[in-house]
Amino acid sequence: MVTAVTAPAPGSVWINDDGMSFTVEAVTQEPGAFVAEVTDPASQAKSELARDEFTADEWRDFIEQYRLRPAS
């Protein structure tokens, strides 16, 4: 069963217990879907910032695979 996923908030930080951390830079909403643009804060010191885009399904799989949760 596939569960619906809610778009992450722009500016939110997602972490896991292994020390991974990602920042949501932007979210583009589309009817019934979204694209989240995410950066890895560890790469911010480098000249090239690591940036990825995820569709809603990819975002759900990403947070499940790495056990990510919003930082509080």
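Guide: We shall discuss the sheet, the helix, the core and the salt bridges in turn.

Visitor: What kind of model is it, and how are residues numbered?
Guide: This is a predicted model, in which local features need pLDDT of at least 70 and side-chain atom pairs count only at pLDDT 80 or more, while totals for chains, interfaces and linings use all residues. Residues are numbered from 1 along each chain as its sequence is written, and side-chain values use heavy atoms, with hydrogens and water left out.

Visitor: What is the order of the strands in the sheet?
Guide: The five strands form an open sheet in the order E4-E3-E2-E1-E5, with antiparallel pairing. Strands (E, at least two residues) and helices (H or I, at least four) are DSSP runs, numbered from the N terminus. Two strands pair if DSSP finds at least two bridges between them.

Visitor: Which strands are at the edges?
Guide: E4 and E5 are the edge strands, as each pairs on one side only.

Visitor: How many bridges join E2 and E3?
Guide: Seven bridges join E2 and strand E3 (residues 33-39) in the antiparallel sense. Within this pairing, Val-24 stands opposite Val-38 in E3. The two strands form a hairpin with two residues between them, and Gly-32 in the turn has a positive phi of about 75 degrees.

Visitor: And how many for E3 and E4?
Guide: E3 pairs with strand E4 (residues 51-55) over five bridges, again in the antiparallel sense. Thr-39 stands opposite Arg-51 in E4, and Val-35 stands opposite Thr-55 in E4.

Visitor: Now the helix. Which strands does H1 lie across?
Guide: H1 lies across E1, E2, E3 and E4, and runs at about 110 degrees to E4. For such angles, axes are lines fitted to C-alpha atoms, for helices over the stretch in contact, and angles run from 0 to 180 degrees between N-to-C directions. Contact means heavy atoms within 4.5 Å.

Visitor: Which residues of H1 are buried?
Guide: In H1, Ala-56, Trp-59, Arg-60, Phe-62 and Ile-63 are buried. Buried means under 20% relative accessible area, exposed over 50%, and partly exposed in between, with a 1.4 Å probe and protein chains only.

Visitor: Why are they on the same side of H1?
Guide: They cover an arc of only 165 degrees around the axis, so they lie on the same side of H1. The arc is that of the directions from the helix axis to the C-beta atoms. What covers these buried residues includes E1, E2, E3 and E4.

Visitor: Which residues stand out in the largest nonpolar core?
Guide: That core has 13 residues, of which Val-38, Trp-59 and Phe-62 touch the most other members. E2, E3 and H1 each supply at least two residues of this core, and the largest share, four residues, comes from H1. A nonpolar core is a set of buried Ala, Val, Leu, Ile, Met, Phe, Trp, Tyr and Cys residues joined through side-chain atoms within 4.5 Å.

Visitor: What is Trp-59 in contact with?
Guide: Leaving aside neighbours within four places in sequence, Trp-59 is in contact with several residues, including Val-5, Pro-8, Trp-14, Phe-34 and Phe-54.

Visitor: Changing topic, how many salt bridges are there?
Guide: The whole structure has four salt bridges. The term means a side-chain nitrogen of Lys or Arg within 4 Å of a carboxyl oxygen of Asp or Glu.

Visitor: Which of them link distant parts of the chain?
Guide: One of them joins the side chains of Asp-17 and Arg-69 (3.0 Å, N to O). Asp-17 is in the loop between strand E1 (13-15) and strand E2 (21-30), and Arg-69 is in strand E5 (residues 69-70), 52 residues apart. Asp-17 counts as exposed at 68% relative accessibility, whereas Arg-69 is partly exposed at 35%.

Visitor: What about Asp-57 and Arg-60?
Guide: Their side chains meet in a salt bridge (3.1 Å, N to O). Both residues lie in helix H1 (residues 56-65), three residues apart, about one turn of the helix. Asp-57 is partly exposed at 46%, while Arg-60 is buried at 13%.

Visitor: Where is Arg-67?
Guide: Arg-67 lies in the loop between H1 and E5. Arg-67 has a positive phi of about 55 degrees although it is not a glycine. Most residues other than glycine have a negative phi.
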